[in-house]
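Visitor: Could you take me on a close look at one helix residue, and then on to the side-chain pairs elsewhere in the chain?

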Amino acid sequence: MFRVTKKPKTPNILWDTSSNYPLCKFVKGVFETNDEALASKLKDLGHTVEGEADAKPLDEMKVDELKAYAAEHNIDLGEAKNKADILKTIQETEVKE
């Protein structure tokens, strides 16, 4: 999940002028999205973006961090107990999605 905080003095609804469609709507100055491309576009426009992009790479996580990541992303680890098996299960599941 990405949390985007709008720049001061910008509208609460941003439009994608190329498709004439609302890009996002800020509520109390904040917009949340799972769309990495949208979060990146908003960051390029000068908004503050926090979230998954700031996360530690999976292969640098410890076992407890990997288990928390799996739980947060609804990934069933099955019989995986050690770091290598947990990491493999997470990566295989994300490739399928």
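Guide: Happy to. Gln-91 sits in helix H3, which covers residues 83–96, and please keep in mind that this is a predicted model. With a relative accessible area of 38%, Gln-91 is partly exposed, because that class takes in values between 20% and 50%.

Side chains of opposite charge can pair when their charged atoms come close. In this structure there is one salt bridge, and its partners are Glu-32 and Arg-3, at 3.4 Å from N to O. Glu-32 belongs to strand S4 (residues 30–33) and Arg-3 to strand S1 (residues 2–5), so the pair links parts that lie 29 residues apart in sequence. Glu-32 has 46% relative accessibility and is therefore partly exposed. Arg-3, at 37%, is also counted as partly exposed.

Now for the rings. A pair of aromatic rings is described by the distance of the centres and the angle of the planes. With ring centres required to lie within 6.5 Å, the count is one aromatic pair. Phe-26 and Phe-31 make up that pair, with 6.2 Å from centre to centre and 70 degrees between the planes. The arrangement of Phe-26 and Phe-31 is edge-to-face, because an angle over 60 degrees counts that way. Both of these residues, Phe-26 and Phe-31, are buried, whereas Glu-32 is partly exposed.

Conventions:
Residues numbered from 1 in each chain as written. Predicted model: local features only at pLDDT ≥ 70, side-chain atom pairs only at ≥ 80, totals over all residues. Heavy atoms only, no water. Phe/Tyr/Trp six-rings, centres within 6.5 Å; stacked < 30°, edge-to-face > 60°. Buried < 20%, exposed > 50% of the residue type's maximum accessible area, 1.4 Å probe, protein only. Salt bridge = Lys/Arg side-chain N within 4 Å of Asp/Glu carboxyl O. Helix = DSSP H or I, 4+ residues; strand = E, 2+ residues; numbered from the N terminus.
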